[in-house]
Protein chains: 2
Amino acid sequence: MPDTSRIKHTSLASKVMSSSQAAELIHDGMVVGASGFTRSGDSKAVLAALAEKAEYEHTRITLMTGASLGQGTDGALATAGAIAVRLPFQSDPVMRTIINEGGLSYIDENLSETAAHIRNGFLPPVDIAIIEAAYIEADGSIVPTTSVGNSAIFVQQARQVIVEINEAVPTGIRGIHDVYLPEDPTGRAILPITEVWQRIGQDVISCDPEKIVSIVFTNQKDSPAETAADNAAATAIARHLLHFFENEIAAGRLTRSLRPIQAGIGKIADAVLSGLAQGDFEHLTMYSEVLQDSTCRLIDSGKMDFASGSSMTLSEGCYRRVFADFEHYRHKILLRPQDITNAAEVIQRLGIIAINTALECDIYGNVNSSHIVGSHIVNGIGGSADFAQNSYLSIFVTESITKGGKISRIVPMVTHVDHSEHDVDVIVTEQGLADLRGLSPRQKAQAILSRCVHPDYQAELNSYFERACLRGGHTPHLLEEAFQLHTNLAGTGSMKTPIPESI
Amino acid sequence: MPDTSRIKHTSLASKVMSSSQAAELIHDGMVVGASGFTRSGDSKAVLAALAEKAEYEHTRITLMTGASLGQGTDGALATAGAIAVRLPFQSDPVMRTIINEGGLSYIDENLSETAAHIRNGFLPPVDIAIIEAAYIEADGSIVPTTSVGNSAIFVQQARQVIVEINEAVPTGIRGIHDVYLPEDPTGRAILPITEVWQRIGQDVISCDPEKIVSIVFTNQKDSPAETAADNAAATAIARHLLHFFENEIAAGRLTRSLRPIQAGIGKIADAVLSGLAQGDFEHLTMYSEVLQDSTCRLIDSGKMDFASGSSMTLSEGCYRRVFADFEHYRHKILLRPQDITNAAEVIQRLGIIAINTALECDIYGNVNSSHIVGSHIVNGIGGSADFAQNSYLSIFVTESITKGGKISRIVPMVTHVDHSEHDVDVIVTEQGLADLRGLSPRQKAQAILSRCVHPDYQAELNSYFERACLRGGHTPHLLEEAFQLHTNLAGTGSMKTPIPESI
Ligand SMILES: CC(C)(COP(=O)(O)OP(=O)(O)OC[C@H]1O[C@@H](n2cnc3c(N)ncnc32)[C@H](O)[C@@H]1OP(=O)(O)O)[C@@H](O)C(=O)NCCC(=O)NCCS
Ligand SMILES: CC(C)(COP(=O)(O)OP(=O)(O)OC[C@H]1O[C@@H](n2cnc3c(N)ncnc32)[C@H](O)[C@@H]1OP(=O)(O)O)[C@@H](O)C(=O)NCCC(=O)NCCS
């Protein structure tokens, strides 16, 4: 029996229906805005039912979310042919394959920008929103769950709203959200955040109850975050970075509180944050997208005072622990819309230290975070450029090699640029750290070549740079050879094939 | 006789000296911060004297400015070997050659960032500032001339200041500057500009008179802006863009006042702004870097209410006209520091329409604004990324070909990325306009290929895209062929050589 006490607006009780009934409200060609950010707070029932419906009835929609969905939902939808257009982010292996085959249009967007693009009319208007909720307030307002993402703008702009009340989420979650929508549709207001913990909005998503056309009950946890296995390379990267922070503190540029931290997800970010928990730091803060297990560990250790994000993406164990002792965390975390967590204005003002992951970097400090061999997308740019462009310090981390050494992640020229050298201050691999601040391109190349490259690729990359310098230029390249490592890989399965000399 | 009434702080009169005496204050290894932005308000005498001094006495400095200098100063300094490091921008043909030969280190920076990099200690501290002034106030404050650039941060941070009082600039210029320096050294203050005309600072650069070690008198106009000759391609580009604006107005996304405009310099921007002066627009505003002849024409025509920039770079005729009737312009223009004109926060808040020039664009909408064949720098990124990343609409303009058709400026893959597809909304060539908003990479390619490419390159580029799609990917590429046009050019002097089929 659904817990109807979670519908405080009594006349809405009549809107309760099954997920497949709700899916019937979604028609071919519609634009759907769904909650969900990094597999948290996403629709667990209605989108799944839509995938089932699309198997037998042609229904192809535009699906906008906060960021990635959990539960294999994106894969199921894409397989069923239910998606014509997907934005602004995904990380589903099945959907990724279909995107790369050209089977659906993926609009990979900076996560800060989707709300503005909707407001500006650069994207089609949202027909229907699907929002996971802890409960519905007496005035129809929606209490979100483990993410905020783009939910507020979807509810504001949609003609109709489907609410998924997830009974697995305690109603006590109310209060950790700070939902802010700019009043002026052109967005011309100052975003008055000057401290990570500052609240500028309200703790629910306002919603005209007339818009709520369906309420579906679920009782299902978020897809758990994968816990990172111990990894020597990640540990080495973290060690280099902590050493760098110590030097910055010694030079008087940072204090033991550092600056508010943004960290991408994954094993390397996890190792860095764990390193901070062990090191001599105090009063740390985060102003990030995703709050992870390591965030909770930092809070538990007493080293972190506050963490602001757009979602909580936790392992099963951590999830249980946080909700078992929620009062301990309640005043130390805040979930905001992603156009606020990722706002250039706030990132610059707070002076963020941004730590993101590169797929590959080139010798001049350009970074590819999204496309394998320049063509095949992995996930998308996500929020990495929002942070890299506007942070106080923009750090990119990556192992120097992958696939057992068959691939060097430092290359002469990246095959796709997500972050230009102007937005990359520091590159760290397990080999070492290159501090690129205040260097010219040739100096950057020297730093990266001497600090970050795997020994197996040292000679080849040095040779490229030296021969390119002979030809001249501010950023010397040999265009006919710039992708030789990549074409080797395509030909032989390894970048390592000897390269014929070109000069 | 120097007009000492321009030194209102009487005891400073003793600091008057010749430019060569002033140059003696600049020693080998020093970091010099000089005024000057797009050839306006730059040091005309002391840097020239430094170039002469460096001919016979080893003096190699780090030279920071606002942006480019006039008078051939950068070329003279570089030729004399006076420059070890140059930042954040230059556009001198002689200096460019020396940079590309590796003869000096050029740190090509986003123009918004230099002030923060100095404040953060990411760049070496400024030893001495050289600032062009209209006059010196009784308290030592400096009244700038035709640009603000980075002058205020240089004066604040330098140990010593050299003032060049330029008698060619009327003292009545005082009042058109709005000099704002964030109080908090970490920059954590809200920049409270919500309208282009808003003043947030003071109309002079504060300076401790004790710091002023030298005053040099000059009487020399800024290097005049080159007036753009009539150009059919530029006119066609302007026509496509005005047509686009009309459509945006019809769709309700823009009004007849558009949004505040930023425009790069050069013939195409000039043609676009002239088009606005003729079209049915009203209450236009600019929030740009450089105010040009076309800005004055728009003000004269009554179509433009206000223009904010960091410099005025005018032709000789326009310069004369503006200063002959200065009261007419005084309340319609404002010159600000470049970290304010180019601040992400303000650009986003005002919702700017940014119009910048591309050297080359690729079929997926990535833009190269700085490097010929990926290696040789032309000028630098300037403020183009500051605006492209944060604008409401980011437009790039370019002719579809150059060098009489030997070069296509639309290529399969750009050889250097200054602006990724995420920061490019519209591309315009004389062939047509591609509106890339809300499109996936393959859709962007279709739009660019069908609208922007020169007919001579149509077949080749279509073939590349079609064959790349067969290989698959979100952003399909054939890496072994991506730079074929460029290697053709290197081999034969033209991109047009037939390409052998690779599949
Ligand atoms: C860049 C990114 C994909 C790296 O994530 P990760 O989990 O560390 O990925 P890995 O390094 O394990 O690489 C993923 C796969 O690509 C392969 N790969 C990595 N680099 C490669 C390269 N240069 N060439 C070819 N393949 C490569 C890996 O071998 C791995 O393959 P597998 O799945 O078969 O093992 C991820 O951080 C991302 O999507 N970033 C963009 C968005 C973002 O930064 N968001 C967070 C902040 S807002
Ligand atoms: C991009 C930029 C160089 C274009 O300026 P422009 O005056 O229109 O330049 P042109 O198109 O005439 O090109 C300059 C030269 O490069 C050549 N060129 C242009 N595109 C080329 C290409 N794709 N490959 C090779 N050469 C090319 C031109 O033929 C020309 O050569 P020439 O001097 O021998 O005639 C200039 O706008 C710039 O420096 N932009 C970056 C900074 C910026 O945008 N600032 C303003 C806003 S903040």
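**View 1. Three strands of chain A, in this predicted model, form an open sheet in the order β17-β16-β23.** The pairing within this sheet of chain A is mixed. Strands β17 (367–368) and β23 (410–411) of chain A stand at the edges, and because each has a single partner strand, one side of each is left without a neighbour in the sheet. Strand β16 of chain A, which covers residues 360–362, is joined to β23(A) by two bridges, and these two strands run parallel. For Asp362(A), the bridge partner in β23(A) is Val411(A).

**View 2. In chain B, an open sheet is formed by three strands in the order β17-β16-β23.** Here the pairing is mixed, and the edges are taken by β17 (367–368) and β23 (410–411) of chain B, each of which has a single partner strand, so that one side of each is left without a neighbour in the sheet.

**View 3. The contact between the two chains draws on 67 residues from chain B and 67 residues from chain A.** Between them, chain B and chain A bury about 5,400 Å², of which 52% lies on carbon and sulfur atoms. Two salt bridges are counted between chain B and chain A, and one pair forming a salt bridge is Arg349(A) with Glu345(B), whose closest N and O atoms are 2.9 Å apart. The count of residue pairs in polar contact between chain B and chain A, with both residues at pLDDT 80 or more, is 24.

**View 4. On the side of chain B that touches chain A, several helices and strands of chain B give two or more residues each.** These elements are α4 (93–100), β4 (105–106), α13 (344–350), β19 (376–377), α14 (384–390), α15 (441–451) and α17 (484–492) of chain B. The largest share of this side, five residues, comes from α13(B). Sorted by class, the side of chain B that touches chain A has 23 nonpolar, 28 polar and 16 charged residues.

View 5. A polar side-chain atom of Asn379(A) lies 2.7 Å from an oxygen atom of ligand 1, while an N or O atom in the side chain of Lys403(A) is 2.4 Å from an oxygen atom of ligand 1. For Arg409(A), an N or O atom of the side chain is 2.7 Å from an oxygen atom of ligand 1.

**View 6. Around ligand 2 there are 20 residues, and the closest are Glu289(B), Asn379(B), Thr402(B), Lys403(B) and Arg409(B).** The side chain of Asn379(B) places an N or O atom 2.7 Å from an oxygen atom of ligand 2, and the side chain of Thr402(B) likewise has an N or O atom 2.7 Å from an oxygen atom of this ligand. In the side chain of Lys403(B), an N or O atom is 2.5 Å from an oxygen atom of ligand 2.

How values were computed
Residues numbered from 1 in each chain as written. Chains lettered and ligands numbered in written order. Predicted model: local features only at pLDDT ≥ 70, side-chain atom pairs only at ≥ 80, totals over all residues. Heavy atoms only, no water. Pairing = 2+ DSSP bridges. Helix = DSSP H or I, 4+ residues; strand = E, 2+ residues; numbered from the N terminus. Contact = heavy atoms within 4.5 Å. Buried area = accessible area lost by both parts, 1.4 Å probe. Salt bridge = Lys/Arg side-chain N within 4 Å of Asp/Glu carboxyl O. Polar contact = N/O pair within 3.5 Å; in protein donor to acceptor, adjacent residues only side chain to side chain. Nonpolar A, V, L, I, M, F, W, Y, C, P; charged D, E, K, R; others polar. Near = heavy atom within 4 Å.
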